[in-house]
Amino acid sequence: MIIQKATGHPTHQEIKNRILRPLGLDQTRWMGTSPTLPRPHSQAYQRFGPGSRVDVTDQIPVDHENLSWVTTTRDENRFFRALLDGRLLPARQLAKMKQTVPVSAEVQKLWPDGRYGLGLVERPLGCGGTYWSHEGGDGGYITLNGVTDDGRRSAVVSMSEARGDTKEHILEQENAASALIDHAPCAGSHTRFTL
């Protein structure tokens, strides 16, 4: 509402004009109230209880003004690299985003030694240093990502099944994806991963 009031344009149009076009993120779309994803796409499944697996590919988000964005792993990598290497925000604003506090004890189970800033999570790398992330997803689709502090190395893991039927399954899925994210920046300076 603030963006629309200040600019006179819908928020999604300002995002397209100010972020997507300048960064060349041409595979990122605002879907509005459309329940259908651009093709090609994977089917999405959600586990709601033991033994239940429901196809949730087509769905309308409750908050379509803010939550109707879909993207590819390529565009997501490009976005996070641009954010962390300083192409998206002035240095002072990025520094504010990176001022972190420890996450709660409950969230520590998912993000060990994680710290949260303004929309960014800082997590330690197994090979030393840290990476920055902002996980996302909705109804069957889950995405984890990570980018090094300088924006040079990044990885995105996209999953099309949300194992939300038990706490153990949620933790297993998070740990498996987090291990992939941790591996990419630690794999060596000559290797580039896009997962």
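1. A quick definition before we start: a residue counts as buried under 20% relative accessible area, exposed over 50%, and partly exposed in between. Keep that handy for the cysteines below. Also bear in mind that this is a predicted model.

2. On to the disulfide. Searching the whole structure turns up one, and it joins C127 to C186, with an S to S distance of 2.0 Å. The two partners sit in distant parts of the chain, 59 residues apart. C127 lies in the loop between β7 (121-124) and β8 (130-133), while C186 belongs to helix α7 (residues 167-186).

3. Which hand does this disulfide have? The torsion about the S-S bond of C127 and C186 is about -75°, so the disulfide is left-handed.

4. How accessible are the two cysteines? C127 has 48% relative accessibility, so it counts as partly exposed; the cut-off for exposed is over 50%. C186, at 26%, is partly exposed too, given that buried means under 20%.

5. Now for a sheet. Three strands make it up, in the order β3-β2-β12; the sheet is open and its pairing is mixed. At the edges you'll find β3 (54-55) and β12 (161-162), each of which pairs on one side only.

6. Which residue of β3 stands opposite Y45? That is D55. As background, strands of a sheet pair through backbone hydrogen bonds, either parallel or antiparallel.

How values were computed. Residues are numbered from 1 along each chain as its sequence is written. This is a predicted model: local features need pLDDT of at least 70, side-chain atom pairs count only at pLDDT 80 or more; totals for chains, interfaces and linings use all residues. Side-chain values use heavy atoms; hydrogens and water are left out. Two strands pair if DSSP finds at least two bridges between them. Helices (H or I, at least four residues) and strands (E, at least two) are DSSP runs, numbered from the N terminus. A disulfide is a pair of cysteine sulfur atoms within 2.5 Å. Buried means under 20% relative accessible area, exposed over 50%, partly exposed in between (1.4 Å probe, protein chains only).
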